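Please open the structure in your viewer and keep the selection tool at hand. The tour moves from one selection to the next and says what is there.

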Amino acid sequence: MDKKSIAVSEAAGAVVIYCAAVFLHFVYPLSNGSALSILFGAVNESIWEHMKIFSAAYIGWSLLQLIWLKVHFKQYVAAKCIGLYVLMGLVIGSYYAYVAFTDRNIVWIDILSSLLAVIAVQMMTYRLETGENKLKDYFAPALMLLMLYYLMFFSFTIFPPKTELFRDPVSGGFGIMGAIERNAEKKGLFS
């Protein structure tokens, strides 16, 4: 395992992941609601949908890295699983932390905090991948946690729990049905 190649890849990943997430934020309306855009793009402005676009970009980049980097597979998977959950925790935590103080959503803080979260997680996973630790011993639990995340990832857009994490602050709706209702209202279908 070449540490320099992994370091360069993780640094490049911070840029790619962030740019891909920005693209995925707009892919649903740009694709007129295609099925793939529902699964990977943000269908509304809820925190969950923002987590979804960052995790989709993170997972996509991680799979690309796995293809071209020579890494210890079990250690890599465990490190990336930890990174995925930390990234989601940072996205959620930073949002609720600043909203608790400001009592409102501020777009530039969202942008900056998510960028910093991506950079921090890429740095962390580099240390986990290349460090002298026993992460490979946690491969099986990491794989189960990844499967759990995928179940949540693909189901909560369609069947979201009715909690604040999944509520669209713009329309007040939840998941894809809230987005469909919002688009129908814009077109005057419910008038």
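**A pair of helices**

Begin by selecting α3 and α5, which are roughly parallel to each other, because their axes cross at roughly 30° and angles under 35 degrees count as roughly parallel. In this predicted model, the two axes come within 12 Å, and α3 passes α5 in a right-handed crossing. To see the contact itself, show the side chains of F54, Y58 and W61 on α3, together with S114, V118, V121, Q122 and T125 on α5. Coloured by class, the residues of this contact of α3 with α5 divide into five nonpolar, three polar and no charged.

**The largest pocket**

Next, select H25, H50, V107, D110 and I111, which are the closest to the centre of the largest pocket among the 20 residues that line it. The volume of this pocket is about 500 Å³. If you then show α1 (3–30), α3 (47–68), α4 (73–102) and α5 (107–130), you will have the helices that each supply at least two residues of its lining. By class, that lining holds 12 nonpolar, six polar and two charged residues.

**A loop residue and its contacts**

Finally, move to L165, which is placed in the loop between α6 (139–155) and α7 (175–186). Which residues does L165 touch, leaving out those up to four places away in sequence? Select S46, I47, W48, M51, I92 and Y96 to see them. For one of these, M51, the C-alpha to C-alpha distance from L165 is 9.9 Å, although the two residues are 114 residues apart in sequence.

Note on methods
Residues are numbered from 1 along each chain as its sequence is written. This is a predicted model: local features need pLDDT of at least 70, side-chain atom pairs count only at pLDDT 80 or more; totals for chains, interfaces and linings use all residues. Side-chain values use heavy atoms; hydrogens and water are left out. On a 1 Å grid over the protein atoms alone, a cavity is a set of points where a 1.4 Å probe fits but cannot get out, and a pocket is an open set with protein on both sides within 12 Å along at least five of seven lines; lining residues have an atom within 4 Å of a point. Grid points are joined across faces, edges and corners, and a volume is the space filled by probe spheres set on the points. Helices (H or I, at least four residues) and strands (E, at least two) are DSSP runs, numbered from the N terminus. Ala, Val, Leu, Ile, Met, Phe, Trp, Tyr, Cys and Pro count as nonpolar, Asp, Glu, Lys and Arg as charged, and the others, Gly among them, as polar. Axes are lines fitted to C-alpha atoms, for helices over the stretch in contact, and angles run from 0 to 180 degrees between N-to-C directions. Angles under 35 degrees count as roughly parallel, over 145 as roughly antiparallel, 65 to 115 as roughly perpendicular and the rest as oblique. A crossing is left-handed if the near helix is turned anticlockwise from the far one by less than a right angle, and right-handed if clockwise. Contact means heavy atoms within 4.5 Å.
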